[in-house]
Amino acid sequence: MTVGFAVRVLFRRGRRYDDLVLYQSDAQIWEGVEAPSGGELRLLSNEPISAPEWGPTLVVDRTVPTNLDDPSAWIDAATSGLIPDFRTTDFRREEMSDSQFWGIVSELGGVIDDEGVERITNALSDLRHPEVVAFRDALWVKLHNLDHPMNTVRTEGAEGGIINADDSLYYRCEIIARGEKSYCSALETPRLASDSDGARGEELLWVADNASLYELPPTDVEIETGRNREFWPEAEPADRPWERLPSISAFSNRVLASQEERGADLILRRLHFTSFVAYAIDREGRVRELMGCVMTASFDLARNEVTASWSPD
């Protein structure tokens, strides 16, 4: 039905809406509710949403009165005020010095909690996009360097216990959050995690994404537990099934359930929540405005899937 299409991400902080705002069907339940830190609370629809199990969730679909002879020009004008796409070829990758990296990490105050995550996210938000990418790249390298059989979370804390791969990654995040001395010590003398380690580390993985105006380009550095071949000679290349699967609707029962369960499915926890606004031209030359969200492994995949959903017949 459509003959033209454009997609833009709406908000600076991590391309996320508050889930409940998009899903709610009664405006009155939001009396006294404040927006999440760094975000917006916006009522997009009072109508119940029919959320498919797979694919984009469409929240708003309306015809826009343009009163213009050239609807394509109207779309160009409308999207110019939104956050633009960013092509990773538009900048040269930079390296971040250790002093700058650890200075940014110091915003955490040695621990990963809500206040520290907000501080480090704000600090990264003030940087140029290449610097945000450089911070993420430096973090990935350090996480990879720490990937040692002894820097792991194991059942009962025993050396012969079963390794929890995800919690071990989060434990390495917590080592970095404690600062440069903690990082160097764990490199020289790796040690098994204690019972409390690995509980909050995951949040450090996403601070660069949440602070960035644009999608971060991929990196070849492997941070999953057991991928550093220097310490894990038997390691195989990482398999990332979430990069191959179609999107999961932002409001599917599986996703909603995963948000309440810490041991949620690995694939669900590797997906990005991407909100979008799009414009399409129908056969009569009218402009349609579409708003919604989708969960995929990257912004590029989200854009491709949203575009394909309203491609010409």
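Predicted model: local features only at pLDDT ≥ 70, side-chain atom pairs only at ≥ 80, totals over all residues.
**Notebook: an aromatic cluster and its surroundings**

I started with the rings: Phe101, Trp102, Phe135 and Tyr183 form one aromatic cluster. Residues are numbered from 1 along each chain as its sequence is written, and side-chain values use heavy atoms, with hydrogens and water left out.

**Ring pairs.** How many aromatic pairs does a search of the whole structure find? I got 3. For these I took rings of Phe, Tyr and Trp (its six-membered ring) with centres within 6.5 Å; planes under 30 degrees apart are stacked, over 60 edge-to-face, and the rest tilted. Phe101 and Trp102 make an edge-to-face pair, with 5.0 Å between centres and 85 degrees between planes. Phe101 and Phe135 are stacked instead, at 5.0 Å centre to centre and 25 degrees between the planes. Phe101 sits in helix α3 (residues 98-105) and Phe135 in helix α5 (residues 129-145), so this pair ties together parts 34 residues apart in sequence.

**Buried or exposed?** I used relative accessible area: buried is under 20%, exposed over 50%, partly exposed in between (1.4 Å probe, protein chains only). Phe101 comes out at 0%, so I wrote it down as buried. Trp102 has 9% and is buried too. Phe135 is also buried.

**A lysine over the rings.** I looked for charges over rings, meaning NZ of Lys or CZ of Arg within 6 Å of the ring centre and within 35 degrees of the ring normal. Lys142 has its charged end over the ring of Phe101, 4.7 Å from the centre. Lys142 also lies over the face of Tyr183, 5.9 Å from that ring centre.

**Cysteines.** Next I checked for disulfides, which are pairs of cysteine sulfur atoms within 2.5 Å. The count is 0. Cys173 is buried at 0% relative accessibility, whereas Cys184 is partly exposed at 30%.

**The whole protein.** I counted 10 helices and 6 strands, taken as DSSP runs numbered from the N terminus (H or I of at least four residues for helices, E of at least two for strands). Of the 313 residues, 48% are buried. With contacts set as heavy atoms within 4.5 Å, I looked at those with a separation of 6 or more: 73% of them join residues 24 or more positions apart. The accessible surface is about 16,100 Å², and carbon and sulfur atoms hold 48% of that surface; the areas come from the Shrake-Rupley method with a 1.4 Å probe, and for residues only the protein chains shown count as cover.
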